[in-house]
Amino acid sequence: MVSELINTNQLSKADPVFGQLSFDNHEQVVFCNDKDTGLKAIIGIHNTVLGPALGGTRMWQYANEWEALNDVLRLSRGMTFKSAITGLNLGGGKAVIIGDAKTQKTPELMKRFGEFVHSLSGRYITAEDVGMETADMDLVREVTPYVTGISEDKGGAGNPSPITAYGVFMGMKAAAKYKFGSDVLEDKTVIVQGIGHVGESLVEHLTNDGAKVIIDDINEERLEAISKKYGASIYKGSNVYAEDVDIYAPCALGATINDTTINSIRAKVIAGAANNQLADEIKHGRLLQEKGIVYAPDFLINAGGIINVYAELENYGKQEIMRKTENIYNTTLEILSNAGTNDITTHQAALNIALSRIEARKKENQQ
């Protein structure tokens, strides 16, 4: 046990949760700790006006707990807007587990995490995210029904990554239509940053569409494998943001569009799967607008995954999953046009739609 506790005055100055810049009137933040399994997790429930908070669980070796808290706050907030703009009756939530998914994840740890999820009585429904697999969700399902993305042979919708990638591809094509006048990506140069499950599926779609694909990742072994499989070029330069490409697709972690990178970006379109791509939504959204770069809002075009897992709750099939995901194309075009007409950022245009739906439901609930 810790012998020295922070006193009340020091704690109020620290303002550890409510004072976080990423805190956006979240309804609930739950810290989970289990000594026996080594579990250290944080569950963030941002908003449940439209329905229970649904969002994946990410396992990552964060530098410290503040970094983990910031991530779960930003991610859960993004899930609120993602569900709202996609027309799903879901709120926004997310969970992070602090640790190395390759070496520290065990069945016991996953089941213990599932027990914490279960203790929230359905306010939060989990799914897979970075560092997680469908098999992990199957383990969580053994201790709680509040999980989606379980194996198809167990009655679930399966791995959401291919559907996420397809939605990003639809959003990217819409952004290309808006910027270049055509949604045909043949001969367009696209750099995909991060080639995990979603990134790889996106590379496949782009390759099939005739795009010139460049891939970038910290895992050199995976780069070689994906390059060989799809014929993509491996990025060999020193500043991926400064490359003169048509489309930049961030598909790894968030905040890659920040004070350091934004002045280097030469891509004409940004459309990727990563969450929270703008380090500062207002400032960096405006700078992209001023530079004439078309930004397809991340929480809109990467919504395919949640559409896929929502099918488990609403019992609709693959055909409806694909229809809803393909509609990301139309919604993206609508938002880009709206932003241009009203001289606002594309992020703000998308956010306005999401917020208006939440506000309308809130008024309904109060009647």
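**Notebook: sheet, cores and spaces**

I looked up Leu 54 and found that Leu 54 stands opposite Ile 125 in E5. The model is a predicted one, where local features need pLDDT of at least 70 and side-chain atom pairs count only at pLDDT 80 or more, while totals for chains, interfaces and linings use all residues. Residues are numbered from 1 along each chain as its sequence is written, and side-chain values use heavy atoms, with hydrogens and water left out.

**Sheet.** I noted that helices (H or I, at least four residues) and strands (E, at least two) are DSSP runs, numbered from the N terminus. Two strands pair if DSSP finds at least two bridges between them. Strand E3 (residues 53-60) pairs with E5 in the parallel sense, over five bridges. I then traced the open sheet: its five strands run in the order E1-E2-E4-E3-E5, with mixed pairing. Strand E1 (28-34) and strand E5 (124-128) are the edge strands, each pairing on one side only.

**Cores.** A nonpolar core is a set of buried (under 20% relative accessible area, 1.4 Å probe, protein chains only) Ala, Val, Leu, Ile, Met, Phe, Trp, Tyr and Cys residues joined through side-chain atoms within 4.5 Å. Which residues touch the most other members of the largest core? I found Met 172, Val 192, Leu 202, Leu 206 and Ile 215, out of 65 residues. Helix H5 (residues 161-180) gives the most to this core, ten residues. Another core, of 23 residues, lies apart from it and includes Cys 32 and Met 132.

I also checked Val 192 for contacts (heavy atoms within 4.5 Å). Leaving aside neighbours within four places in sequence, the partners of Val 192 include Leu 202, Leu 206, Ile 215 and Cys 251.

**Spaces.** On a 1 Å grid over the protein atoms alone, a cavity is a set of points where a 1.4 Å probe fits but cannot get out; a pocket is an open set with protein on both sides within 12 Å along at least five of seven lines; lining residues have an atom within 4 Å of a point. Grid points are joined across faces, edges and corners, and a volume is the space filled by probe spheres set on the points.

I found two cavities of 30 Å³ or more. The largest cavity holds about 90 Å³, and H2 gives the largest share of its lining, four residues. The largest pocket holds about 1,500 Å³. Of its 48 lining residues, Trp 60, Val 130, Gly 131, Gly 196 and His 197 are the closest to its centre. Which element supplies the largest share of the pocket lining? I noted E3, with six residues.

How values were computed:
Buried means under 20% relative accessible area, exposed over 50%, partly exposed in between (1.4 Å probe, protein chains only).
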